[in-house]
Amino acid sequence: MSNSETVKAGVIGVGSMGQNHVRIYQDLPGVELVGVYDAAMERAEEVAGDFDTRALTMDELLEEADAVSIAVPTQYHFDAARECIDAGVNVLVEKPFVEDPKKGQTLIDFAEKRDVVLQVGHVERFNPAVRTLMDLVDDLDVIAVTAERLGPPLNREIDDSAVMDLMIHDIDIVLAIVGEEVSSVNAVGTQKGAYGAANLQFDDGTVAELTASRITQEKVRQLTISAAEARVKVDYIDQSIEIHRQSAPEYVEDGDVRYRHENVVEKLTVDQGEPLKKELAAFTDAVRTGSEPVVTGADGLRALEVTRELDELAADEPATRTEHSPVTQDD
């Protein structure tokens, strides 16, 4: 496609997430929303009516669209994406990429063979604060990363655990920040998967500590990097970054000797905006130019593999301990 050509876009699966894709495609410059598809035709017609577009069959949509978002339940990602790629249509697959990593690799190979864009919907990569953070990390000697993604119970059912549904966002970001292979992992969970905590260590010695919860009575979305030069705090909700530098001890004598720390705090200016809009703009730009997407299929597959391993560990029932049995942990 030429850089000035309009991208014809569609959405497959118009539940709560898919409807947001429809909303943004309708208003995105350089994009024409050609229609939507859902296995529940009544739902497709309702959303199409709300956004002044058409409810189409799958075949009709793939005949007209250059690019589609796939926002169906995870177990249908592979089949839907395979059909789109086979039709030569560029795809953005919502996270988690697929259920089975082997099928994820199949999609990556098939997309490469068909020369279509395959992007995975890790939307936090497009949070303006995260984009700003990525510009900083190359200049940091990262020691550790911590992330909390917490919130109260939802008023709808979610099949995935908190690790697979929530922590996967931070796993993807940590993998992008560190850029090394994971050497060891461990995780624990409770409340039938509604709360999970995990630790990762990378080949270069960097460590990460991640927590995800759907039962915490405060909404928190934060990530902190501890580096030799600074401590960087990111708030995903406020889309803000603080950098703490030059922390130095100081003793103050006033009767009793007191101790305090002096440091310099920088608050970075972040160009705020809706992450999903930035994600879809980047996807359609990649389609228009034929360039590699920001979040590739390989990125999505790597995040999935690590998340699945942590999810399995967090789901394990704790071993029964006798009164004097030691606590041990496998490497």
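This report covers selected helices, cores and loop residues of a predicted model.

## Helix α5

Helix α5 runs over residues 101-114. Its 14 residues should span 20 Å at 1.5 Å a residue. The end C-alpha atoms are 20 Å apart, so expectation and model agree.

At the start of α5, Asp-100 places a side-chain oxygen within 3.0 Å of the backbone nitrogen of Lys-102. After the helix comes Asp-115, with a positive phi near 60 degrees.

The buried residues of α5 are Pro-101, Gly-104, Leu-107, Ile-108, Phe-110 and Ala-111. An α-helix has 3.6 residues a turn, so residues three or four places apart point the same way. The cover over the buried residues of α5 includes α4 (77-86), β5 (118-121) and α9 (297-315).

## Packing of α4 on α5

The axes of α4 and α5 come within 10 Å and cross at roughly 10 degrees. Angles under 35 degrees count as roughly parallel, so α4 is roughly parallel to α5.

On the α4 side, the contact involves Phe-78, Ala-81, Arg-82, Ile-85 and Asp-86. They meet Lys-103, Thr-106, Leu-107, Phe-110, Ala-111 and Arg-114 in α5. Leu-107, Phe-110 and Ala-111 are also among the buried residues of α5.

Gln-75 sits in the loop between β3 (67-70) and α4. Its relative accessible area is 40%, so Gln-75 is partly exposed. Gln-75 and Glu-99 are 24 residues apart along the chain, yet their C-alpha atoms are separated by 6.0 Å.

## Nonpolar cores

The largest nonpolar core has 40 residues. Within this core, Leu-133, Leu-223, Ile-225 and Leu-310 touch the most other members. Helix α7 (residues 162-178) supplies the largest share, ten residues.

A second, separate core holds 34 residues, including Val-93, Phe-110, Val-120 and Leu-304. Phe-110 belongs to the buried set of α5. In soluble globular proteins, nonpolar side chains tend to be buried together.

What does Ile-225 touch, not counting residues up to four places away in sequence? The list is Leu-133, Val-137, Leu-140, Val-142, Ala-144, Val-145, Ile-177, Ala-230, Arg-231 and Val-232.

## Val-14, a loop residue

Val-14 lies in the loop between β1 (7-12) and α1 (16-27). Is Val-14 buried or exposed? Its relative accessibility is 0%, so Val-14 counts as buried.

Leaving aside neighbours within four places in sequence, Val-14 contacts Gln-19, Val-22, Val-36, Tyr-37, Asp-38, Arg-43, Ala-44 and Val-47. The C-alpha atoms of Val-14 and Ala-48 are separated by 9.3 Å. Along the chain, Val-14 and Ala-48 are 34 residues apart.

## Ser-213 in strand β9

Ser-213 belongs to strand β9 (residues 207-213). It is buried because its relative accessible area is 1%, under the 20% cut-off.

The side chain of Ser-213 has two partners here. A polar atom of this side chain lies 3.0 Å from the backbone nitrogen of Ile-215. A polar contact of 2.7 Å joins the side chains of Ser-213 and Thr-216. Beyond four places in sequence, Ser-213 touches Arg-149, Leu-150, Gly-151, Ala-162, Leu-166, Ala-194 and Tyr-195.

## Helix α8

Helix α8 (residues 275-289) has 15 residues. From its first C-alpha to its last, α8 reaches 21 Å, close to the 21 Å expected at 1.5 Å a residue. Gly-290 follows α8 with a positive phi near 70 degrees.

The buried residues of α8 are Pro-275, Leu-276, Glu-279, Leu-280, Ala-282, Phe-283, Thr-284, Ala-286, Val-287 and Arg-288.

Key
Residues are numbered from 1 along each chain as its sequence is written. This is a predicted model: local features need pLDDT of at least 70, side-chain atom pairs count only at pLDDT 80 or more; totals for chains, interfaces and linings use all residues. Side-chain values use heavy atoms; hydrogens and water are left out. Helices (H or I, at least four residues) and strands (E, at least two) are DSSP runs, numbered from the N terminus. The expected span of a helix is 1.5 Å times one less than its number of residues. Buried means under 20% relative accessible area, exposed over 50%, partly exposed in between (1.4 Å probe, protein chains only). Contact means heavy atoms within 4.5 Å. A polar contact is a pair of N or O atoms within 3.5 Å; within protein, one must be able to donate a hydrogen and the other to accept it, and residues adjacent in sequence count only if both atoms are side-chain atoms. A nonpolar core is a set of buried Ala, Val, Leu, Ile, Met, Phe, Trp, Tyr and Cys residues joined through side-chain atoms within 4.5 Å. Axes are lines fitted to C-alpha atoms, for helices over the stretch in contact, and angles run from 0 to 180 degrees between N-to-C directions. Angles under 35 degrees count as roughly parallel, over 145 as roughly antiparallel, 65 to 115 as roughly perpendicular and the rest as oblique.
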